[in-house]
Amino acid sequence: MSDKRGIVEFAKELSSLNVELISTGGTYKLLKENGLTVKEVSEITGSPEMLDGRVKTLHPIIHAGLLARRDVKEHMDVIKKMGIETIDMVVINLYPFKETVLRKGSTFDDIIESIDIGGPSIIRAAAKNYRFVAVLTSPEQYGEVLEKLKADGSLDEKLLSRLMAEAFVTTANYDAMISKRMFTEFCDGFPNSIPIPSEKIMDLRYGENPNQKAAFYANPFTHGTTVAKSEQLHGKELSYNNILDLDKSLDIAMDFERPTAVIMKHTNPCGLASADTIYDAFVTSYAVDPLSAFGCVICLNRDCDLRTAEEISKHFVEAVIAPNFEEKALDILKQKKNVRLLRTNSPIAPSERFRENKIKNIQGGLLVQTDEDTVIDPKKLTVVTKRAPTEDELKALGFAWKLAKHVTSNAVVYVKGERAVGIGAGQMSRVDSAMIARVKGGEETHGSVMASDAFFPFRDGVDEAAKAGVTAIIQPGGSIRDQETIDAADEHGMAMVFTGCRVFRH
């Protein structure tokens, strides 16, 4: 057993109930050292451990003792004839494959040796015969099982069934971790099925709505900075919607090197700004759309200092995530008992982003795609209008493009320098997104640049940008009416560049 938490105490309780104990290796030694009467597996099988411990429990005597059905006379006759005794309980956990993969300095040979063979075989055998064999795969199960044995002298089928189901989840996740690691190492593309390694972080109070149940899981092999790895320092329990917004805000912030603040509401940014200090970035980003920012989630890509915390505390905020919080900043923010404060304990920066396949559930299936990774080189943009963008416009267009690719489609954003001034998200028509962004931005849109996550199907989006006072546009291009859009930009004296790629977010 790799996880020996509570095993000595559990074994002592079983022994007091006249349960005969069988064990192997380090667990056998530990139990003996604690005064317990225990047999080694080799005493039962008559075969020694071999091949550096690779072969211990893979033996007919062990598996027959697990798999024999007590209600089938032929089974019982066979094992009696063979001198095999039944095994009524398996208490086991598996070699630490995940820990070996994540341990710094582990070689590939180390990883291979950490793949358990006998353990999963025993678990599956016991689980298959669950009506007669209890299979425990976690120390958290010991207490309930002991309580039931002491009260009734046996385990009921309801409990045995649940232990069986939990056992198969254990082996499935173990195999998922192995297959994920090996496929990533040796294969490209998409496998024929998707094994997803996961570990539950917590049960949530409810899902998107109070009538839905929910839980939060982590992929143990995901590198970089994530919400799942973050440490909650204060506030109410995280909700399903909090986690979605925290993840999305972190995703945006990791596109920027300079001090940047993201204001997130219902998986869309309603504010974004970069500045020389995180305080200035926050104040500027919150001012983009303070009405929508009520009850927002905030991501800071720098440590939260006292001045920024004082400013945040003036608003109703659901959650704040940052690499760290100054002690005095924490003191200020903790005065609001409900605000969730999360520390990533690692940088929020492009270098900490880990690209992995994105998965969406649909009815009866999954959609899987590679992660978006479109980095725009300003030198490779195609200028399609009579006027090319100025140097300042080009910088603002690059910032606007980074924002637009994170806004739900159809997405149109207006930007000045390194700050958003208007964001139009999730509309069925692109011109409506342009109009909403203009209304949201008000007078601030005059002299701004525009980014669109996909091409303009008609010139009306460009005409709407002209009403907003936009001077330059970045968009993918590719419409059969591109020339109509280009002509409209020329009429309004705008510069327009094409990226050649779209960045839809549905």
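**Pairs, contacts and buried positions in a predicted model**

What does Glu231 form with Arg343? The two residues form a salt bridge, and their closest N and O atoms are 2.9 Å apart. Glu231 belongs to strand S7 (residues 231-234) and Arg343 to strand S12 (residues 340-343), so this pair ties together parts that are 112 residues apart in sequence. Arg343, for its part, has a relative accessible area of 19% and is buried, because the limit for that word is under 20%.

Let us continue with salt bridges. How many salt bridges does the structure hold? The count is 35. One of them joins the side chains of Arg70 and Asp88, with 3.0 Å from N to O. Arg70 is found in the loop between H4 and helix H5 (73-81), and Asp88 in the loop between H5 and S3, so the pair ties together parts that are 18 residues apart in sequence. Both ends are partly exposed: Arg70 has a relative accessible area of 23%, and Asp88 has a relative accessibility of 46%.

A further example is the salt bridge between the side chains of Asp371 and Arg355, again 3.0 Å from N to O. Asp371 sits in the loop between strand S14 (365-369) and strand S15 (382-383), while Arg355 sits in the loop between S12 and strand S13 (358-362), so parts that are 16 residues apart in sequence are tied together. Asp371 is buried, at 16% relative accessible area, whereas Arg355 is partly exposed, at 31%. Salt bridges can also join into a network, and here one links Asp251, Asp255, Arg353, Lys405 and Arg505.

I now turn to aromatic rings. A pair of such rings is described by the distance of the centres and the angle of the planes. The structure holds 7 aromatic pairs. In one of these, Phe10 and Tyr142 are stacked, with 4.4 Å from centre to centre and 10 degrees between the planes. Why does this pair tie together parts of the chain that are 132 residues apart in sequence? The reason is that Phe10 lies in helix H1 (residues 7-16), whereas Tyr142 lies in helix H9 (residues 142-152). Phe10 and Tyr142 are both buried.

Compare this with Phe294 and Phe316. The centres of their rings are 4.9 Å apart and the planes stand at 50 degrees, so this pair is tilted. Phe294 is in the loop between helix H12 (278-286) and strand S10 (296-300), and Phe316 is in the loop between helix H13 (306-312) and strand S11 (317-322); the pair links distant parts of the chain, 22 residues apart.

The charged end of Arg307 sits over the ring of Tyr279, 3.6 Å from its centre. Likewise, Lys402 lies over the face of Phe256, and its distance from the ring centre is 5.1 Å.

Next, a helix. Which residues of helix H4 (residues 60-67) are buried? They are Ile62, His63, Gly65 and Leu66. Viewed down the axis of H4, these buried residues fall within an arc of 155 degrees, so they line one face of the helix. They pack against helix H3 (41-45), strand S3 (89-91) and helix H8 (118-128).

Another buried position is Ser433, in helix H16 (residues 430-441), with 0% relative accessibility. Neighbours within four places in sequence aside, Ser433 is in contact with Asn410, Ala411, Val412, Gly424, Ala425 and Gln427.

I close with the cysteines. A disulfide is a covalent bond between the sulfur atoms of two cysteines. A search of the whole structure finds 0 disulfides. For Cys296, the nearest cysteine sulfur is that of Cys270, 6.1 Å away, and Cys296 is in no disulfide. Cys296 is buried, at 0% relative accessibility, whereas Cys187 is partly exposed, at 35%. Thank you for your attention.

Note on methods
Residues are numbered from 1 along each chain as its sequence is written. This is a predicted model: local features need pLDDT of at least 70, side-chain atom pairs count only at pLDDT 80 or more; totals for chains, interfaces and linings use all residues. Side-chain values use heavy atoms; hydrogens and water are left out. Rings of Phe, Tyr and Trp (its six-membered ring) pair if their centres lie within 6.5 Å; planes under 30 degrees apart count as stacked, over 60 as edge-to-face and the rest as tilted. Helices (H or I, at least four residues) and strands (E, at least two) are DSSP runs, numbered from the N terminus. Buried means under 20% relative accessible area, exposed over 50%, partly exposed in between (1.4 Å probe, protein chains only). A charge sits over a ring if NZ of Lys or CZ of Arg is within 6 Å of the ring centre and within 35 degrees of the ring normal. Contact means heavy atoms within 4.5 Å. The arc is that of the directions from the helix axis to the C-beta atoms. A disulfide is a pair of cysteine sulfur atoms within 2.5 Å. A salt bridge is a side-chain nitrogen of Lys or Arg within 4 Å of a carboxyl oxygen of Asp or Glu.
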